[in-house]
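Colleague: I am new to this structure. Please show me how to read it, one feature at a time.

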Amino acid sequence: MSGQLHLRASHLPNDCNLLAPTTFFSVLNYSRDYGENRVVFGLGRSFLGLNERILVANRPTVIKRKLKHCLGVRASAEGAVWDGWMPEKTSKAPPLSDIFWPSAGAFAAMAMLGKIDQILAPKGISMTIAPLGAVCAVLFATPSSPGARKYNMFMAQIGCAAIGVLAFTILGPGWLARSTALSAAMAFMIYTRSVHPPAASLPLLFIDGVKLHQLNYWYALFPGAAGCILLCLIQEIVCYLKENVKF
């Protein structure tokens, strides 16, 4: 029962520990002291006194777990990157009424603005500007988004338009006025917590729009803020129809 155990170094890998000739019970003590991250192979019938080879190596399961963890983290990161390029995952497609009423609201808004343009044509000004089309998308398609809040819309429309006039007055037309006005408009919306994406184009529109220069600081109220009043009225009708007339 106390037979000697011998190791042959030529048959052991580099990362194995070589145990001196010992008894069966001392081998058990060694494996218990150092066996949390190690495993003993080849013990066999050492208690009968036969020469055996004892292999002590690192557990391969630790490496496998680390590899699976790294692969899992990499896969989740790649999935997060590509999620932005895919359509939003919803339980079902929106009903036809949720598509029709916002589209009808946008049609009615542009039709009314076009009619107002005909009335204002002798004065050489127009109320239909590109940013109001983006406002229609925000108000009618995403009425619960932060950009559709009335505070955000009117604060950003008035502030950004005034910034565009100020930048043009100080710097004149050109790239410097456009870049300065846009950066100042972004800072204004963030500081006042009134982020409204369509308003960011108002400074650029004034700087490059020669027909708008005659408005001077009235541009802060017309046509952006004035047009938003009409769009808010149409939004209330669209939201009512979406809630009560479904098909």
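Modeller: Start with burial. Buried residues make up 32% of the 247 residues in the protein chain. Buried means under 20% relative accessible area, exposed over 50%, and partly exposed in between, with a 1.4 Å probe and protein chains only. This is a predicted model: local features need pLDDT of at least 70, side-chain atom pairs count only at pLDDT 80 or more, and totals for chains, interfaces and linings use all residues. Residues are numbered from 1 along each chain as its sequence is written, and side-chain values use heavy atoms, leaving out hydrogens and water.

Colleague: How many helices and strands does the protein chain have?

Modeller: There are 8 helices and 2 strands in the protein chain. Helices (H or I, at least four residues) and strands (E, at least two) are DSSP runs, numbered from the N terminus. Read from the N terminus, the order is α-β-β-α-α-α-α-α-α-α.

Colleague: What share of the contacts between residues at least 6 apart in sequence join residues at least 24 apart?

Modeller: That share is 65% in the protein chain. A contact means heavy atoms within 4.5 Å.

Colleague: Now the helices. How do I read a packed pair?

Modeller: Two packed helices are described by the angle between their axes and the distance between the axes. Here α5 and α8 pack at about 160 degrees, and their axes are 9 Å apart. Axes are lines fitted to C-alpha atoms, for helices over the stretch in contact, and angles run from 0 to 180 degrees between N-to-C directions. So α5 is roughly antiparallel to α8. Angles under 35 degrees count as roughly parallel, over 145 as roughly antiparallel, 65 to 115 as roughly perpendicular and the rest as oblique.

Colleague: Which residues of α5 and α8 meet?

Modeller: From α5 come K150, M153, F154, Q157 and I158. They meet G224, A225, C228, I229, C232, Q235 and E236 in α8.

Colleague: And aromatic pairs?

Modeller: A pair of aromatic rings is described by the distance of the centres and the angle of the planes. Rings of Phe, Tyr and Trp (its six-membered ring) pair if their centres lie within 6.5 Å; planes under 30 degrees apart count as stacked, over 60 as edge-to-face and the rest as tilted. This structure holds 5 such pairs. One of them is F100 with W101, edge-to-face at 5.0 Å centre to centre and 70 degrees between the planes. F168 and F206 have ring centres 5.8 Å apart and planes at 90 degrees, so that pair is edge-to-face. It links distant parts of the chain: F168 is in α5 (residues 150-171), F206 is in α7 (residues 202-208), and they are 38 residues apart.

Colleague: Is F206 buried or exposed?

Modeller: F206 is buried, at 2% relative accessibility. W101 is also buried, at 16%, while F100 is partly exposed at 42%. Ring pairs link F100, W101 and F247 into a cluster.

Colleague: What should I look for in the backbone?

Modeller: Most residues other than glycine have a negative phi, and most peptide bonds are trans. R193 has a positive phi of about 55 degrees, although it is not a glycine. R193 lies in the loop between α6 (175-191) and α7 and is exposed at 71%. N216 also has a positive phi, near 55 degrees. N216 sits in the loop between α7 and α8.

Colleague: Which peptide bond is cis?

Modeller: The bond from F222 to P223, with omega near 5 degrees. P223 is in the loop between α7 and α8 (224-244).
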